[in-house]
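This report looks at strand pairing and at aromatic contacts in one protein model. Please keep the sequence and the structure at hand while reading.

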Amino acid sequence: MRHQRDERKPKIVVFTGAGISAESGIQTFRDSNGLWHEHRIEDVATPEGFAADPALVLEFYNQRRQNVLNARPNAAHLALARLEACFEVVIVTQNIDDLHERAGSSQVIHLHGEILKGQSSADADLVVPLRRPTIELGEAAPDGSQLRPHVVWFGEQVLHLDAAAHHFTQAHKVLTIGTSLSVFPAAALVEYSPIEAEKLLIAFEVQRVPAEFQYLQGKATELVPPIVS
Ligand code: BV8
């Protein structure tokens, strides 16, 4: 069924990954100096890894959370926030940092969770703000289970997928920024872009360019501000 686009105001959907936060000093995953070159995904980003060694996993996210707290939104995040003066802008992000929000974006959908929140280990819907920048072994969620990061691990269900897909079907323009498009089902969202929408892919390097996307190679802080100004 084709979705009727809302004609009230042009909608821009921005699909982001770790590359948009790289110039804020936050490590990506699959670049040469990326997180998955330092840690096995199975050990630190799966429920099985957490069950096997919760202290290791909590420390992995405590370090990343401190990096996020020390980071600042960069020119790409800020340019996207300014875009809201003229368009409805929906940021669909795979990132777990809050740099889009801190830059001023008002509609941000986190498909893979948010590192600055915690959740129950027994109930993924029980999500709580964190009182401190760390989660300690033995720290309990409100239901008494071990508190864990509010992050979607491999093998866990992605959040807000249907809502995100609907936004893509309504887009007049789709900007995909700083993602290798290698994690699913998030990466499949670009397929929901309408035929008639303008589609841009901005990244330092990519393994593939989705059909009908124009690829702009380079750094987000250099390419995004001129495009959205
Ligand atoms: C699930 C949180 C089932 C953790 C992450 C097909 C369909 C469905 C599932 C699968 C499938 N095929 C395989 C799977 C399984 C798996 C998967 O996708 N595996 C991959 C490795 C093949 N998917 C899952 O397990 C998903 N869950 O399917 O569950 C289910 C269903 C119902 C009920 C129960 C269960 C869950 C996936 C989510 C995992 N969690 N993150 C954390 O962050 O610690 S994924 C992780 O990868 C991050 O979220 C990250 O955002 C995401 C994607 O990575 P990118 O953001 O793209 O980063 P990357 O480093 O790869 O690339 C950076 C890009 O930026 C590069 O292109 C680089 O050139 C560019 N760049 C760098 N610097 C700059 C730049 N660009 C511009 N400027 C710069 N300065």
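Val-13 stands opposite Val-90 in strand 2, and this pair belongs to the six bridges that join strand 1 (residues 11-16) to strand 2 in parallel. Helices (H or I, at least four residues) and strands (E, at least two) are DSSP runs, numbered from the N terminus, and two strands pair if DSSP finds at least two bridges between them. This is a predicted model, in which local features need pLDDT of at least 70 and side-chain atom pairs count only at pLDDT 80 or more, while totals for chains, interfaces and linings use all residues. Residues are numbered from 1 along each chain as its sequence is written, and side-chain values use heavy atoms, with hydrogens and water left out.

Strand 2 also pairs with strand 3 (residues 108-110) in the parallel sense, over three bridges, and here Thr-93 stands opposite His-110. Five of the six residues of strand 2 (residues 88-93) are buried, so this strand is largely enclosed by the rest of the structure; buried means under 20% relative accessible area, exposed over 50%, and partly exposed in between (1.4 Å probe, protein chains only).

A further three strands form an open antiparallel sheet in the order 5-4-6. Strand 5 (127-129) and strand 6 (147-151) stand at its edges with a single partner strand each, so one side of each lacks a neighbour in the sheet. Strand 4 (residues 113-120) is joined to strand 6 by five bridges, and Gly-113 has Val-151 as its bridge partner.

The structure holds seven aromatic pairs. Rings of Phe, Tyr and Trp (its six-membered ring) pair if their centres lie within 6.5 Å, and planes under 30 degrees apart count as stacked, over 60 as edge-to-face and the rest as tilted.

Phe-15 in strand 1 and Phe-168 in helix 6 (residues 161-169) are 153 residues apart; Phe-15 is buried at 0% relative accessibility, and Phe-168 is buried with a relative accessible area of 0%. Trp-36, in the loop between strand 1 and helix 1 (41-44), lies 24 residues from Phe-60 in helix 3. Trp-36 is buried at 16%, and Phe-60 is buried at 5%.

Phe-29, Trp-36, Phe-50, Phe-60, Tyr-61, Trp-153 and Phe-154 form one aromatic cluster.
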